[in-house]
Amino acid sequence: MKKISNVFWISIAIVFAAIIFGVAAPDSFEEATGNLQAFLTSTFGWYYLILVTIIVVFCIFLIFSPVGAIKLGKADEKPEFSKASWFAMLFSAGMGIGLVFWGAAEPLSHFMNPPLAEAGTAAANKEAIRYTFFHWGIHAWGIYAIVALALAYFNFRKGEPGLISATLKPVLGKKAMEGNLGIVVDVLAVVATVAGVATTLGFGATQINGGLSYLFGIPNNYTVQLFIVIVVTVLFIVSASTGLELHQTPFHPPAA
């Protein structure tokens, strides 16, 4: 519990520091994050491509190997949901608002501003679909799957806490992952997740505001978008806190 508390407070401090930086100096914050993204892309782009390809191959191996038959829960436990329900939940959680926003915006953006081809040509169309599929196709699902499988296996079958550091104990050692190195790993995971969710939520709020403005004449500005973010956040908290299963209280007729 102490480790989880440390991860929480350190993550909160980093996130709030980033928020304060962004509010106080938005131009400098945009420049800093843009330079960081450019550095990571140009320096580690090759590593990212190779790693994601390895992940996809490993996921295919799991599908067809006996290892893929291992239950993510205890050996005697039965699935709580049907395969159709799981597919629906996984698709909704994996794609979510990102696909709603980028499903049309990304291929159109690449079509008009392709990496290599001339804009608006048939070659640009091929590049646009290729990049969009890479971002939202098998490779993206491979990343989701490998992280989800690792967390689910160690959490539900091994009884470990739902932390990224718990999945690395067989690799880096139990002592390291329950110590300071484990805290660093979990803080990085939390901050990266927050950054990803914040970006997706921001794009989604912008799109929702644009739709409301087009249909109902609602102003398209920061105030409305902030309200949308608050509403979506509240709905997410309610959804996460109530769980996946509907628990109904049995009806008992009043005594005669």
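User: Why does Trp86 count as partly exposed?

Analyst: In this predicted model, Trp86 has a relative accessibility of 38%. Buried would need under 20% and exposed over 50%, so Trp86 falls in between and is partly exposed.

User: What makes Phe81 and Trp86 an aromatic pair, and what kind of pair is it?

Analyst: A pair of aromatic rings is described by the distance of the centres and the angle of the planes. For Phe81 and Trp86 the centres are 5.8 Å apart, and a pair needs centres within 6.5 Å. The planes stand at 90 degrees; an angle over 60 counts as edge-to-face, so the pair of Phe81 and Trp86 is edge-to-face. The structure holds 9 aromatic pairs.

User: How do you know that Tyr153 and Phe154 form an aromatic pair that is edge-to-face?

Analyst: The ring centres of Tyr153 and Phe154 are 5.5 Å apart, with 90 degrees between the planes.

User: Are Tyr153 and Phe154 buried or partly exposed?

Analyst: Tyr153 has a relative accessible area of 24% and is therefore partly exposed. Phe154 has 16% and is buried, because the cut-off for buried is under 20%.

User: Why is Pro107 called buried?

Analyst: Its relative accessible area is 16%, and buried means under 20%, so Pro107 is buried. Pro107 lies in helix α3 (residues 83-112). Not counting residues up to four places away in sequence, Pro107 touches Trp102, Ala128 and Thr132. From Pro107 to Gly94 there are 13 residues in sequence and 19 Å in space, C-alpha to C-alpha.

User: How do you know that the span of helix α9 agrees with its number of residues?

Analyst: Helix α9 covers residues 180-216, which is 37 residues. The expected span is 1.5 Å times one less than the number of residues, so α9 should span 54 Å. The end C-alpha atoms of α9 are 52 Å apart, which agrees. Buried residues in α9 include Gly182, Ile183, Leu201 and Asn209. After α9 comes Gly217, with a positive phi near 75 degrees.

Notes: Residues are numbered from 1 along each chain as its sequence is written. This is a predicted model: local features need pLDDT of at least 70, side-chain atom pairs count only at pLDDT 80 or more; totals for chains, interfaces and linings use all residues. Side-chain values use heavy atoms; hydrogens and water are left out. Helices (H or I, at least four residues) and strands (E, at least two) are DSSP runs, numbered from the N terminus. Buried means under 20% relative accessible area, exposed over 50%, partly exposed in between (1.4 Å probe, protein chains only). Rings of Phe, Tyr and Trp (its six-membered ring) pair if their centres lie within 6.5 Å; planes under 30 degrees apart count as stacked, over 60 as edge-to-face and the rest as tilted. Contact means heavy atoms within 4.5 Å.
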